[in-house]
Amino acid sequence: MHEQTLLEQAQALQDGEVSSVELTQFYLNRIQAHDESLNSFVTVTGAQALAQAEAADRARSAGEAGPLTGVPLAHKDIFCTRGVRTTCGSRMLDNFVSPYDATVVERLQAAGMVMLGKTNMDEFAMGSSNENSYYGPVHNPWDPERVPGGSSGGSAAAVASRLAPAATATDTGGSIRQPATFCGVTGLKPTYGRVSRFGMVAYASSLDQGGMLGVSAEDCAALLGTMAGFDSRDSTSVDHPVPDYQEELKQPVDGLRLGLPKEFFDDRLDARIRASVEEAVAAWEGQGAQLVEISLPNLPLATPAYYVIASAECSSNLARYDGVRYGHRCADPEDLEDLFCRSREEGFGAEVRRRIMIGTYALSAGYREAYYDRARRVRQLIRRDFQQAFEKVDAIVAPVSPVLPFRLGEKTQDPVAMYLIDCYTIPVNLAGLPGLSLPARPVDGLPTGVQLIGNYFDEARLLGLGAAWQRETDWHRQVPPEFA
Amino acid sequence: MDLTAETVRGIAKLARLRPNPDEEQRLIQDLGAILEFFAQLSEAEVDGIEPMAHPLEVDQRMREDEVTEPDRREDYQEIAPDAREGLYRVPAVLDSD
């Protein structure tokens with residue numbers, strides 16, 4: 001059953017081959033059998049999942065089922081779930097039970113989907129290896145000695161090992177696409193503003209965007225259709241029509257112009273990953289796409305600009321954790337100042353504190369112009385580079401990560417080296433564009449991936465290119481041997 | 001870039017954090033390396049370029065000034081570390097004498 005895509009399972013439910021209760025119990029059993037070694041879940045919501053599954057089965061008998069009714073999925077533990085704790089991978093929120101649901105959670109639940117649990121992640125989504133979680137690192141299902149990527153490492157590992165048919169995730173600088181590539185699954189970061197951020201714990205608000213990880217591009221299309229759309233509760237949500245992604249992605253590849261930016265194929269890129277990406281490019285060319293060499297000259301400045309902006313926004317967003325209204329409070333505070341400082345020092349992990357510190361510095365009097373304002377100007381240049389490129393091409397092809405999944409502990413001592421891993425995903429967040437990560441030919445048994453970048457609201461085109469490549473290949477169908 | 005312990009302490013105070021002496025040393029090193037990495041930005045030619053806020057240049061939306069949320073004070077205070085009679089409790093802010 002777990003070899004199936006989410007849409008195949010939806011079809012099986014519709015055809016009465018399986019009930020939602022059976023499907024849900026099947027995944028709960030897989031989680032119980034396998035997750036001890038992976039650590040991809042922070043919370044498993046067995047009882048609630050079965051209750052939701054029963055309700056889904058009842059809805060189906062009553063003829064009230066929608067296309068996704070009864071299909072299980074997992075939520076990244078950054079999405080607020082009423083009555084189920086939302087930790088965001090942090091000691092600060094270890095005891096936090098949200099009084100409301102995130103819009104994403106609400107919409108998927110309204111579509112009849114069943115929540116299996118909440119997945120592990122880098123604390124407050126800050127990290128590229130899932131080693132920054134208060135709940136311990138997640139292991140890569142292809143090699144337990146290696147990281148699954150981050151920050152949505154739990155969601156990616158859970159989908160790769162088929163402990164869930166799909167999972168929600170978020171992407172501020174690559175946190176959907178990079179773990180997707182490290183774990184060999186498909187991941188979409190939609191256009192900024194496409195999916196509501198309401199109830200999604202904030203890290204860097206001008207960059208954060210919710211999306212999903214799934215087996216196939218078609219699965220992602222089905223989920224996006226449910227998750228996307230305007231939400232008055234998110235002031236940066238964009239009021240733009242939501243197309244029928246599953247229908248739109250059938251458009252032919254023939255005649256599309258694909259841009260290859262030279263800055264993405266530089267000497268930082270592992271030659272073996274380059275070969276996998278080129279294989280995907282050749283496949284699209286074989287389907288009639290036209291290749292165009294392009295340049296995004298300001299790209300080399302993206303990573304430093306990103307870390308200035310993200311850290312600045314993080315320092316401001318995380319000021320809300322004060323040990324007063326919710327979250328961790330230190331024992332026996334001497335006075336109010338002591339309560340604030342010790343609660344925060346104890347509640348946040350090392351990387352989160354580092355980013356709060358750097359962001360506070362970058363926003364402090366005398367430095368704001370040199371760091372924050374300058375970084376936002378560079379951001380404008382990067383956005384312009386992309387806009388000029390999209391006058392010549394319909395989509396851009398790039399690698400996702402310059403490196404293969406690395407070993408646990410390999411990069412934890414050098415924060416800047418860790419930041420540079422996201423050099424191919426960060427520019428997309430700065431510009432606010434959609435990006436899709438697709439599994440490509442593995443290297444030495446480790447997954448690799450190819451990234452498609454589209455113009456604003458062009459998710460359907462990316463998903464269409466992804467589906468076309470996935471009809472010719474089966475990399476996305478591969479399950480790590482231990483979980484087959 | 002060289003940061004002094006005094007600077008790091010000053011930032012920690014602003015951020016309401018309280019690093020111990022070992023961590024302070026570590027932060028001097030790490031923040032210094034990160035700021036050095038940020039220094040590349042000074043190469044950018046940004047004269048006359050507007051700082052970017054929202055990727056789609058959407059302005060902050062306004063809405064009608066109407067009540068949209070029900071009163072759920074109890075739900076919200078149930079998760080507080082220390083709330084009593086509808087109030088959040090913290091150590092005394094003013095001296096009693």
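1. A polar contact here is a pair of N or O atoms within 3.5 Å; within protein, one of the two must be able to donate a hydrogen and the other to accept it. With that in hand, here are some friendly notes on this model, which is a predicted one.

2. Let's start inside chain A.

3. How much area do domain 1 and domain 2 of chain A bury between them? The figure is about 2,400 Å², with 63% of it on carbon and sulfur atoms. On the domain 1 side, look at A:M92, A:Y203 and A:Y419: this trio supplies 29% of the area that domain 1 buries against domain 2, more than any other three residues.

4. Now for the polar side of that domain interface. The rule finds 14 residue pairs in polar contact across it, both residues being at pLDDT 80 or more, and zero salt bridges.

5. One residue in chain A to click on is A:L465, in helix α16 (residues 459-472). Is A:L465 buried or exposed? Its relative accessible area is 1%, so A:L465 counts as buried, the cut-off being under 20%. Setting aside neighbours within four places in sequence, A:L465 is in contact with A:V253, A:L256, A:L258, A:W284, A:A395 and A:L452. A:Q251 is 214 residues from A:L465 in sequence, yet their C-alpha atoms are 8.7 Å apart in space.

6. Next, the interface between the chains. Chain B and chain A bury about 5,600 Å² between them, 67% of it on carbon and sulfur atoms. In chain B, the residues that lose the most area to chain A are B:R18, B:L41 and B:M52, together 13% of what that side buries. The contact involves 52 residues from chain B and 72 residues from chain A.

7. Which charged pair can you inspect here? A:E337 forms a salt bridge with B:R16, with the closest N and O atoms 3.2 Å apart. The count between the two chains is five salt bridges, and there are 18 residue pairs in polar contact (both at pLDDT 80 or more).

8. Finally, the chain B side. The elements giving two or more residues to it are α1 (5-14), α2 (21-38) and α3 (73-78) of chain B. The largest share, ten residues, comes from α2(B). By type, this side divides into 34 nonpolar, five polar and 13 charged residues.

Terms used. Residues are numbered from 1 along each chain as its sequence is written. Chains are lettered from A and ligands numbered from 1 in the order in which they are written. This is a predicted model: local features need pLDDT of at least 70, side-chain atom pairs count only at pLDDT 80 or more; totals for chains, interfaces and linings use all residues. Side-chain values use heavy atoms; hydrogens and water are left out. Buried area is the accessible area (1.4 Å probe) that two parts lose on being put together, summed over both. A salt bridge is a side-chain nitrogen of Lys or Arg within 4 Å of a carboxyl oxygen of Asp or Glu. A polar contact is a pair of N or O atoms within 3.5 Å; within protein, one must be able to donate a hydrogen and the other to accept it, and residues adjacent in sequence count only if both atoms are side-chain atoms. Helices (H or I, at least four residues) and strands (E, at least two) are DSSP runs, numbered from the N terminus. Buried means under 20% relative accessible area, exposed over 50%, partly exposed in between (1.4 Å probe, protein chains only). Contact means heavy atoms within 4.5 Å. Ala, Val, Leu, Ile, Met, Phe, Trp, Tyr, Cys and Pro count as nonpolar, Asp, Glu, Lys and Arg as charged, and the others, Gly among them, as polar.
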